[in-house]
Amino acid sequence: MQLLKGEKVYLKLFEEEDIPNRVKWINDPDIQFTLNYDIPTSISKTKRWFANAVMDPTRREFSIFTVEGDKHIGFCGLFNIKTPAMKAELHCVIGEKEYWSGGYGTEAYKLLDEYGFIELGLNKIYGFQLLHNHGAHRVVEKLGWKRDGLLREETYSHGTVKDVYVVSILRKDWLIHNHLNEDDLLLFPNSRHL
Ligand SMILES: CC(C)(COP(=O)(O)OP(=O)(O)OC[C@H]1O[C@@H](n2cnc3c(N)ncnc32)[C@H](O)[C@@H]1OP(=O)(O)O)[C@@H](O)C(=O)NCCC(=O)NCCS
């Protein structure tokens, strides 16, 4: 089932069959370089994670597939979904590295923004990005997100303490960036949400 469809990628709910790729990608040092995941991970740990995540109302976990060729290239999601603040944290990994810098990550973020603001009625979507994650900085910049601030020496990963940017987009800014108003959302093309 395709839940959210873009031009290059579609997102479907993360399934058990997607676990081996998730484990392979999380354990890849090149991917780890810009992340701070609990590593190494394993199939059994990830099965346990998934069993909790799938029933957790504060998370929506997706797999990213190419529209052309139906190739599984990554995973993403919204988590820490909080009411009444109506905010959620976004994560995204394009695991197949040959797809980096091809616009796939940006479209996955864009689809999650749409899902969060339209389907979940969120007011804010935010994320944390390591200082040296220039690709991720560019992705959110393209989508109209803002830098809220720099958390100095916030996290420890791969042998050093690191600074982290907090980035976010507010519902009102997302509407302006996409030339929409609240009434437009009633007519938002359902074809994107199959
Ligand atoms: C970050 C990530 C999701 C971006 O996905 P992507 O498909 O590569 O992103 P896009 O191609 O849509 O956009 C990336 C942009 O950053 C630019 N970019 C990539 N690497 C860069 C670098 N080292 N320095 C400056 N710009 C860079 C690209 O040129 C592109 O900009 P452009 O469209 O203006 O040319 C992906 O690289 C990834 O999964 N990395 C590993 C995990 C990770 O860091 N996830 C995010 C955690 S916050």
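Predicted model: local features only at pLDDT ≥ 70, side-chain atom pairs only at ≥ 80, totals over all residues.

Biologist: How many bridges join β6 to β8?

Modeller: Seven, with β6 (residues 124-130) and β8 (residues 160-170) running antiparallel. Strands pair here if DSSP finds at least two bridges between them. Helices (H or I, at least four residues) and strands (E, at least two) are DSSP runs, numbered from the N terminus.

Biologist: And what about β7 and β8?

Modeller: β7 (residues 146-157) is antiparallel to β8 as well, joined by eight bridges. Y156 sits opposite V161 in β8. The β7 and β8 hairpin has two residues between the strands, and H158 has a positive phi near 50° there.

Biologist: In what order do the strands sit in the sheet?

Modeller: The order is β1-β2-β3-β4-β5-β6-β8-β7, eight strands in an open sheet with mixed pairing. β1 (4-5) and β7 are at the edges with a single partner strand each, so one side of each has no neighbour in the sheet.

Biologist: Which strands does α4 touch?

Modeller: α4 packs on the sheet and touches β1, β2 (9-13), β3 (60-66), β4 (72-82), β5, β6 and β8. Contact means two C-beta atoms, placed from the backbone, within 7 Å. The direction of α4 makes about 155° with that of β5; axes are lines fitted to C-alpha atoms, for helices over the stretch in contact, and angles run from 0 to 180 degrees between N-to-C directions.

Biologist: Do β5 and β6 run parallel or antiparallel?

Modeller: Parallel, over three bridges. A88 stands opposite I125 in β6. β4 and β5, on the other hand, pair in the antiparallel sense over seven bridges, with L78 opposite L90 in β5. Their hairpin has four residues between the strands, and M86 takes a positive phi near 55°.

Biologist: Switching to the ligand: which residues come nearest?

Modeller: G105, T106, H134, G135 and R138, out of 21 residues around the ligand. A residue counts as near if its C-beta atom, placed from the backbone, lies within 6 Å. Elements giving two or more residues to that shell are β5 (87-94), α4 (104-119), β6 and α5 (134-142). α5 has the largest share, five residues.

Biologist: How many of the shell residues are polar?

Modeller: 11 are polar, nine nonpolar and one charged. Ala, Val, Leu, Ile, Met, Phe, Trp, Tyr, Cys and Pro count as nonpolar, Asp, Glu, Lys and Arg as charged, and the others, Gly among them, as polar.

Biologist: And S101, is that buried or exposed?

Modeller: Exposed, with 12 other C-beta atoms within 10 Å. The cut-offs are 20 or more such atoms for buried, 12 or fewer for exposed and partly exposed in between, with C-beta atoms placed from the backbone. S101 is in the loop between β5 and α4.

Definitions and conventions. Residues numbered from 1 in each chain as written.
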